[in-house]
Amino acid sequence: MGSLDGKIVLITGTAGGQGRVAALAFAREGAKVVGCDIQVAANDETVELVRRAGGEMTGVAPIDLTDPDQARRVVEEAVAAYGGLDVVYNNAAMPRFGPLPGFSVEDWRATITGELDIPFFVSKFAWPHLVDRGGGVIVNIASMAGMIAGEVPPMVAHSAANAGIIGMTRQLALEGARHGIRAVTVSPGPVLTPASDRDLGDDQAARDAITRKTMLKRFARPEEIVELVVFLASDRAAYITGANYALDGGASAW
Ligand SMILES: NC(=O)c1ccc[n+]([C@@H]2O[C@H](COP(=O)([O-])OP(=O)(O)OC[C@H]3O[C@@H](n4cnc5c(N)ncnc54)[C@H](O)[C@@H]3O)[C@@H](O)[C@H]2O)c1
């Protein structure tokens with residue numbers, strides 16, 4: 001028996017990285033997964049991987065979650081796919097980085113939209129379905145950048161957007177409590193995904209600069225983030241709401 005047996009879960013950004021690992025882990029625990037992404041082929045590949053592993057997953061792609069109409073549509077498709085919605089896992093994000101002087105207004109707006117609008121839109125449109133169901137869980141992925149400043153790479157909008165996610169999630173928890181809705185933030189430190197591993201290549205100096213602030217002096221594996229979310233989304237975490245979990249190898253503790 002899985003810890004999420006029968007739960008219907010919408011995960012955003014399932015084409016790769018943490019989202020793909022999340023789809024596999026949630027399906028392994030018995031959830032019915034709806035996974036969406038702006039990338040079609042890679043999202044289809046995730047659906048295929050989940051099904052081959054014996055799990056249940058429906059893919060919705062391409063979908064641009066920065067567009068509120070498309071965010072509403074993906075929620076409606078998720079509800080239609082399996083007849084309701086129990087868990088929203090806001091994982092998708094599209095940040096831009098750069099030092100303040102050269103960071104344009106367009107960069108700022110694109111990052112706030114790509115990181116803060118997406119979980120707001122998806123949570124907003126999912127909300128009435130969670131209320132109809134008598135409750136549910138929203139897990140929002142932020143970043144340690146929402147708690148502490150970050151040097152590499154420079155991240156003015158990323159910091160602001162992720163601090164915004166942490167604040168928004170607290171508020172969702174307060175407003176959701178009377179409906180049986182829990183809302184929790186997970187704030188990862190640096191996570192090594194296939195894409196970031198490829199981008200960093202053999203640049204050891206860049207890798208060291210990124211992991212220096214962690215106590216463990218290494219990146220997280222996507223599984224190390226996702227396993228906490230599996231727990232938080234399950235009924236075993238029934239008393240947890242309004243919290244922000246630093247999952248950053250100790251980076252924000254010193
Ligand atoms: N990788 C890290 O070091 C790190 C650190 C802290 C927090 N995070 C957070 O973890 C989450 C997952 O990141 P990841 O590392 O797996 O990154 P990723 O870039 O591999 O995955 C993000 C996914 O979201 C999708 N996406 C982006 N914009 C979209 C849009 N407008 N509509 C639909 N889908 C869209 C992308 O196509 C991609 O598949 C993000 O919220 C990120 O901010 C990552």
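Two strands are taken as paired if DSSP finds at least two bridges between them. The model described here is predicted. In this model, strand E4 (residues 87–90) and strand E5 (residues 136–141) meet that criterion, with 4 bridges in the parallel sense. Within this pairing, Tyr89 has Val139 of E5 as its bridge partner.

The two strands belong to an open sheet of 7 strands. The strand order is E3-E2-E1-E4-E5-E6-E7, and the pairing is parallel. Strand E3 (56–60) and strand E7 (244–247) form the edges. Each has a single partner strand, so one side of each lacks a neighbour in the sheet. On average, neighbouring strands are turned by 15 degrees against each other, direction ignored.

Helices pack on this sheet. Helix H1 (residues 17–28) touches strand E1 (8–12), strand E2 (32–36), E3, E4 and strand E6 (181–188). The direction of H1 makes about 170 degrees with that of E1. Helix H5 (residues 156–176) lies across E5, E6 and E7. Relative to E6, H5 runs at about 160 degrees.

Aromatic contacts were also examined. A search of the whole structure finds 2 aromatic pairs. In one of them, the ring centres of Phe26 and Tyr89 are 5.5 Å apart. Their planes stand at 50 degrees, so the pair counts as tilted; planes under 30 degrees apart would be stacked, and those over 60 edge-to-face. Phe26 belongs to helix H1 and Tyr89 to strand E4. The pair thus links distant parts of the chain, 63 residues apart. Tyr89 is also the residue whose bridge partner in E5 is Val139.

The volume of the largest cavity is about 40 Å³. Its lining consists of Thr12, Asn90, Asn91, Ala92, Ala93, Glu115, Ile118, Pro119, Ile141 and Ile165. By class, these residues divide into 6 nonpolar, 3 polar and 1 charged. Helix H4 (residues 105–132) supplies the largest share of the lining, with 3 residues.

Several loops carry backbone features of note. A cis peptide bond joins Ala61 and Pro62, with omega about 0 degrees. Pro62 sits in the loop between E3 and helix H3 (68–82). A cis bond also runs from Val152 to Pro153, where omega is near -10 degrees. Pro153 is placed in the loop between E5 and H5. Lys217 has a phi near 55 degrees, a positive value in a residue other than glycine. Lys217 falls in the loop between helix H7 (204–211) and helix H8 (222–233).

Methods:
Residues are numbered from 1 along each chain as its sequence is written. This is a predicted model: local features need pLDDT of at least 70, side-chain atom pairs count only at pLDDT 80 or more; totals for chains, interfaces and linings use all residues. Side-chain values use heavy atoms; hydrogens and water are left out. Axes are lines fitted to C-alpha atoms, for helices over the stretch in contact, and angles run from 0 to 180 degrees between N-to-C directions. Contact means heavy atoms within 4.5 Å. On a 1 Å grid over the protein atoms alone, a cavity is a set of points where a 1.4 Å probe fits but cannot get out, and a pocket is an open set with protein on both sides within 12 Å along at least five of seven lines; lining residues have an atom within 4 Å of a point. Grid points are joined across faces, edges and corners, and a volume is the space filled by probe spheres set on the points. Ala, Val, Leu, Ile, Met, Phe, Trp, Tyr, Cys and Pro count as nonpolar, Asp, Glu, Lys and Arg as charged, and the others, Gly among them, as polar. Rings of Phe, Tyr and Trp (its six-membered ring) pair if their centres lie within 6.5 Å; planes under 30 degrees apart count as stacked, over 60 as edge-to-face and the rest as tilted.
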